[in-house]
Amino acid sequence: MLNTFLLLLTFLIAGSSFAYPEFQRFSQNNSGRPINCAMCHANGDGPEGASRGQIGSLTPDELNKLNAARSAFAPGVPIQSPILNAFGNNIITVIGKTKFLELRAHPEQLAEVYGYQSDLDSDGIADAQEYLEGTHTLNNVHGNPMKLFLHNLKTFRLHVILIVLATIAGFYGFSHLLNGFAASSNTKSSVERYP
Amino acid sequence: MKQPLVSTLFDFIASRIPLHKLDVRHMITEKEVPVHRMSWGYYVGGLALFFFIIQVFTGMMLLFYYEPTVSEAHESVEYITHFVTMGALIRNLHAWSASFMIFCVIAHMLSALAMKAFAKPREITWIAGVLLLLITFGFGFTGYLLPWNQIAVNATKVGLASIDQMGQYLPAALSHLAEDVRVTIQGAPAIGQATLSRFFALHVVILPLMIFGVIGLHVLSVQLHGMSPGIEDKPRRKDKFFPIFILKDFKEWGIAFLVLFILSLCLPFDSLFPYPLLEPYNALGSTPDGIKPEWYFYFVYYPMELLPFWVIIVVMTFATLGLFAAPWIFKGTSHKTMRWIASAIAAYMIVMTLFGENIYHAIKG
């Protein structure tokens, strides 16, 4: 009974106050890339509904975590909201709910306020930068292609050096083989012509 | 006296595939490759073969983990990418080499067109080449669906819907034919498990069997007739096919593998798509923005978005038939004219691939 009441209450509150499309819209307009709710939410269709990561599917324990997250008004309080993904949770943890709500009017300032230190997917591109560029903050194979390329080139420099060395060695061998065969075929043809 | 058709056909095949000339020793010791300003075209064919070999090996590795079911396909691809040792590298090698292979096949076909390499007695080499181009596009189309994500399923839907659209241009008695073809490819009235199973079977069994057969015919035909002269003038010199040309080919393969490996290691193919398109396909959700086919279909996709569909059908039908019939259509055409035609086709494809989206927005607003 209590669970049902809590669930209904959550639905009523959530419908009006727990989806913040301003940030999604800003990121989409700023980057020119299509963005969906999966930028910050556990479910790509947002928090409303009964699918995985949406309010209608939460267990009592998860509802408690959701309520705890909603009351994290000050920065520095670690939260684990089940309807947010790691980036969404980290935003509230780092800047606090109060500041986050203030930024709804200035979503372009979120990157600066959140800071460029955090890189949750370790792809070499800061979460804040990925927010501006409309790429996924939690997927290390998703990001600005050139930045990813340069970061991975640095990470895998040993592999790259080895493959370059192997190619040079192969070239050296093939070139010598080519010269050898060319020389032998010239000799052979002269022998055939002038026995 | 006029010869019967069957006899003419047999004579044609016998003269174009002169198996009695099959002498491996002669091929190895005597075959020569002309060296001239267009001879890069010979190497592009070898590169296409190299990328195909990469496709086969990486494809077999992906098969160990990939699950061709609508409930598991996306997860298995994610598992390969994030949890299998070197899984991301293998998947990137497969994706990048697919694009390179298609690029090389198109470039090889255009260079063969420019060199008039289809001229008698190489008509069958050319027809096998056109079939290889179509099979390669088939690989691209069927492989695109397999990750079962938003872009894969929605783009395939668009592709299959265009078959349905053809029905309205057919005579009334045949109008259901297009839908029948679409449902046959799809396996069911709507895209689902049957579609995935069929595309998987096409991608890993049927098309590979076809391509092995056609590559065999293409390579055999090249070996029997030798490389086409390519230009009207005398070549600068002639290289022995074995070992000089083969070794030069291997050197190019080395450079190609170096580029492919570094690209696959450092630039995930998925980074080129907006991330909502990489989410698992949701049959109940709306079609996300940014759905379009792979780059190698842009030359037909953007015109399809801009022009009436019947124009596309007419142009594509004539273009495909024209490709098959090129040896007879351009029989008396000079090499210079062929180079102009090939350059015009290349320019169209480059412009549509690189700027098709800009052109579309400029016209549609």
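Me: Where does Ala74(A) lie, and what makes that stretch a loop between helices?

Reply: Ala74(A) sits between helix 3 (60-70) and helix 4 (86-102) of chain A. Helices here are DSSP runs of H or I with at least four residues, strands are E runs of at least two, and numbering starts at the N terminus. The model is predicted, so local features need pLDDT of at least 70, side-chain atom pairs count only at pLDDT 80 or more, and totals for chains, interfaces and linings use all residues. Residues are numbered from 1 along each chain as its sequence is written, chains are lettered from A and ligands numbered from 1 in written order, and side-chain values use heavy atoms, without hydrogens and water.

Me: Why is Ala74(A) called partly exposed?

Reply: Its relative accessibility is 42%. Buried means under 20%, exposed means over 50%, and partly exposed is in between, with a 1.4 Å probe and protein chains only. The value for Ala74(A) falls in the middle class, therefore the label is partly exposed.

Me: Which separation does the model give for Ala74(A) and Asp123(A)?

Reply: The two C-alpha atoms are 29 Å apart. Along the chain, the residues are separated by 49 positions.

Me: What makes Ser122(A) stand out in its backbone?

Reply: Its phi is positive, about 50°, and the residue is not a glycine. Ser122(A) belongs to the loop between helix 5 (110-114) and helix 6 of chain A.

Me: Which residue of chain B has a positive phi without being a glycine, and where is it found?

Reply: Lys116(B), with phi of about 55°. Lys116(B) is in the loop between helix 5 and helix 6 of chain B. Lys116(B) has 11% relative accessibility, so it counts as buried.

Me: Where are the cis peptide bonds in chain B?

Reply: One joins Lys120(B) to Pro121(B), with omega of about 10°. Another joins Phe242(B) to Pro243(B), with omega of about 5°. Pro121(B) is in the loop between helix 5 (87-114) and helix 6 (123-145) of chain B. Pro243(B) is in helix 10 (residues 241-266) of chain B.

Me: How do you know that the radius of gyration of chain B agrees with a compact globule?

Reply: The radius is taken over C-alpha atoms, and the rule is 2.2 Å times the number of residues to the power 0.38. For 365 residues, the rule gives a value near 21 Å; chain B has 22 Å, so the two agree. The C-alpha trace of chain B spans about 65 × 55 × 40 Å along its principal axes.

Me: What share of the residues counts as buried in each chain?

Reply: In chain B, 49% of the 365 residues. In chain A, 40% of the 195 residues.

Me: What share of contacts joins residues at least 24 apart?

Reply: A contact means heavy atoms within 4.5 Å. Taking pairs at least 6 apart in sequence, the share is 81% in chain B. On that basis, the share is 44% in chain A.

Me: What confidence does chain A carry?

Reply: Its mean pLDDT is 86, and 85% of its residues reach 70 or more. pLDDT is the predictor's confidence in each residue, from 0 to 100.

Me: Why does low pLDDT matter to a reader?

Reply: Where pLDDT is low, predicted coordinates should not be read in detail.
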